[in-house]
Amino acid sequence: MNSKANNIFIQKRQTLLVMLMPALVVLIAVTIPPLIYLFWSSLHKWEFGAAEKTFILFGNFTKMMHDTRFWNSVALALFLIGMAVGIQISLGLLISERLNRVFKGKKIFRMLLLLPMVSPPVVVGVMWRMFLQPRLGMVSYLLSLVGIHTAWLASSKTALLTIALVDTWEWMPFVILMFTAGLASIPEQLSEAAQADGANQLQILRYILLPLLKPVIIITLLFRAVDIIKIFPKIFIMTEGGPGTATEIMNFYAFRTTFQYSRFGYGSALSFTIFAICILLSVGIIGTSKLK
Amino acid sequence: MKKIGLWFLVTILFCLLVVPAQAQEWSWKKAAEPYQGQTVYILVNFHPDIEATLPIYKQFEEETGIKVQFDLLVRRQMDIKAETELAAETGAYDLMHMGLWKTARYARRNWAEPLQKYINDPSLTGPDFDLDDFVYNALRALTDKDEQILGLPWSTETGLIYYRTDLYEKYGIPGPPKTFAEMEDICKKVYTKDIPSIALRSVRGYGINMWSFGRYGGSFGGSYFDDSMRPTVNTEEWIKATTFYAGLNNKYGPSGIGAYKHYELVQDFAQGQLVMIEDAGPWGKTFNDSEKSKVVGKWKAAMLTKGPVKHQFSHYTHGLMIPRVAQHKEAAWLFLQYMTSKEFQLKRALLFGGGSVTRTSTLEDPRYAITFDFGDWGGINAASLKIASAVENPYFVPYNLPEYKEIGDTLGIALQNIITGDQTPQKALDSANEVILGILQEAGYVGKPSSQFGF
């Protein structure tokens with residue numbers, strides 16, 4: 001009997017593998033070779049359009065270690081992740097907890113909430129650049145009415161923060177959607193029971209909702225962190241990496257090196273490093289959260 | 001002997017009668033006959049002179065039967081697309097934008113088709129095509145170090161000072177500044193928070209802040225390299241130049257000047273929000289357009305100011321080149337020849353106001369001066385171009401190095417950091433100097449005589 005069951009199990013597994021194979025082959029074919037090519041390019045000194053490339057092993061990676069602009073771009077990416085994800089997760093939790101309750105106009109509010117997320121990133125960049133124009137921008141004007149006169153994108157002290165805030169404006173709906181879905185899956189009886197035991201709202205959030213929401217929070221955190229490392233249109237349109245190098249995060253530096261300075265080899269090394277950081281970040285976040 | 005003499009006479013008669021007759025017979029239609037039905041694909045940037053070209057190029061299609069398809073992109077995106085297409089050798093375009101600092105890069109990669117063979121081919125090139133009529137620096141900008149012509153220019157420009165005549169009158173300023181000292185003096189007198197005195201490009205970039213700042217280093221006596229091609233952009237002269245440039249912007253410029261590119265300068269000036277700007281020649285047309293400008297009739301143009309050491313000009317030339325891998329080279333050459341011809345340049349200027357022409361004959365045509373009489377623009381622009389493009393005024397900026405993009409960007413970052421106050425001039429320029437040294441070392445230039453590179 002056992003042997004029969006085993007056979008059925010093996011057969012089922014084999015069928016599954018056979019059925020999965022085409023998808024797996026396509027997936028591997030479209031992801032692995034480009035990565036191998038990227039890594040191979042990163043081992044060369046190679047300029048865009050040059051017929052010859054020189055194999056320099058890890059020369060580009062060694063150069064990267066001494067490149068102050070690269071380290072600046074790494075630090076900026078980490079700051080941006082810290083600021084943007086910090087604001088998005090904390091605010092997102094508060095808003096979605098409120099949205100989880102029944103109130104009048106909830107559907108309309110949810111619909112309006114989605115608008116920034118569905119706007120094309122290029123539109124978001126152009127729109128906020130115009131809003132924040134120091135002399136003619138609407139947001140700058142409104143802020144000036146309450147005594148705030150800041151050229152948001154012209155100062156290195158505020159440019160990165162502004163990018164973080166615009167990113168928050170754009171992606172907060174996604175965070176809220178994720179958290180709202182997570183909250184909806186938590187049985188109401190748990191909160192009601194805690195309430196009956198005398199727990200206040202903060203305690204319910206701290207001891208019931210947050211632990212149960214942890215997997216959703218981790219996944220959201222991961223999505224947003226990786227997304228921010230790859231952020232491009234907003235920076236390209238709003239600051240072009242400036243003032244100076246104040247918003248030149250890794251992704252943008254790799255783009256500039258590859259396509260503006262035509263250093264394809266070094267640009268590949270930078271891009272491969274970004275890829276490795278994304279993988280490490282994912283493994284790190286999932287690993288430390290013990291999410292399985 | 002008599003027979004040879006007869007043959008000689010016949011040959012001479014043939015040359016005298018038939019060859020000129022053939023030359024006279026040259027026409028666009030005849031030259032284009034073998035290429036009828038082909039489509040010439042062009043990658044070029046949005047530009048006032050291209051806007052002025054679009055309404056009239058159709059006549060070429062009618063005359064030749066060759067179709068022309070423009071692909072217009074914003075400058076930066078176009079630059080990236082162009083180099084990507086060229087590196088990948090797609091052959092998607094038959095004509096592509098060519099500019100002052102692209103010539104050396106394209107020549108190094110052998111991306112551009114040398115044009116001399118087309119120029120010398122009488123079946124493809126009309127007898128009226130006059131190479132010597134191009135503004136000297138405009139053609140030189142598209143000629144490589146081996147004297148190969150890699151592109152032909154359709155627009156050439158130098159910087160101008162645009163100033164508000166009504167506000168000058170209000171503050172009792174007799175006329176535009178002629179020196180940097182006068183420039184600062186006027187800025188002091190006319191500054192108000194509502195309408196600041198001046199704005200200069202701040203945003204980093206080899207083609208953004210470096211386009212206007214490029215001349216300041218030379219005006220203060222600085223140079224990019226020493227005799228052995230080591231960078232010298234952190235000397236006293238450069239510190240003075242960056243301090244002056246940043247000072248004008250910070251003391252007398254608008255709020256948020258650190259994020260200003262040419263678009264913001266032009267927008268603010270056109271909306272009456274600035275007293276002066278220093279920027280490219282073609283904007284005159286915008287300021288005179290009542291749909292785009294609130295200062296029509298209230299502004300004038302002036303020549304760029306002299307520095308303490310030199311009278312340096314900014315410069316840029318836009319052109320088109322035929323990629324080496326283009327699919328319709330002959331048809332492309334015919335359109336390039338047409339678009340840069342004396343007749344077309346004059347027509348474009350007179351009919352649609354694209355004033356930054358590349359033909360000396362157009363600049364000297366009395367009708368040009370009449371058409372562009374507004375705000376002294378036509379005369380000042382032509383006079384500035386004449387000085388800026390003179391043989392004795394070579395470029396100060398190292399456009400002829402393929403690495404200029406990276407060098408310019410590095411210096412541009414330093415300048416923006418100085419303007420925003422993030423770094424002192426000394427610190428920013430020391431850092432830029434070090435990075436540029438690395439670029440030059442990697443290129444193998446350091447140690448070689450700078451005269452070898454034309455400096």
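A residue is called buried under 20% relative accessible area, exposed over 50%, and partly exposed in between, with a 1.4 Å probe and protein chains only. This is a predicted model, in which local features need pLDDT of at least 70 and side-chain atom pairs count only at pLDDT 80 or more, while totals for chains, interfaces and linings use all residues. Residues are numbered from 1 along each chain as its sequence is written, chains are lettered from A and ligands numbered from 1 in the order in which they are written, and side-chain values use heavy atoms, with hydrogens and water left out.

Chain B comprises domain 1 (37-156 + 316-388) and domain 2 (159-315 + 393-453), with bounds that come from an automatic or database domain assignment. Taken over C-alpha atoms, the centres of these two domains of chain B lie 27 Å apart. In contact (heavy atoms within 4.5 Å) are 31 residues of domain 1 of chain B and 32 residues of domain 2 of chain B. The two domains of chain B bury about 2,800 Å² between them, 61% of it on carbon and sulfur atoms; buried area is the accessible area (1.4 Å probe) lost by two parts on being put together, summed over both.

Three salt bridges cross this interface between domain 1 and domain 2 of chain B, a salt bridge being a side-chain nitrogen of Lys or Arg within 4 Å of a carboxyl oxygen of Asp or Glu. Elsewhere in the description of charged pairs, B:K300 and B:D376 join their side chains in a salt bridge (3.7 Å, N to O).

The whole structure holds 39 salt bridges over all chains. In one of them, the closest N and O atoms of B:E264 and A:R129 are 2.5 Å apart. This pair crosses between chains, from helix α13 (residues 262-270) of chain B, which holds B:E264, to helix α5 (residues 121-131) of chain A, which holds A:R129; helices here are DSSP runs (H or I, at least four residues), numbered from the N terminus. B:E264 counts as buried because its relative accessibility is 10%.

A further salt bridge joins the side chains of B:E25 and B:K30 (3.7 Å, N to O). B:E25 counts as partly exposed because its relative accessibility is 47%, and B:K30 is likewise partly exposed, at 44%.

B:K329 and B:E113 also form a salt bridge, with their closest N and O atoms 3.2 Å apart. B:K329 is buried, with a relative accessible area of 19%, and B:E113 is buried, at 6%.

Technical notes: Helices (H or I, at least four residues) and strands (E, at least two) are DSSP runs, numbered from the N terminus.
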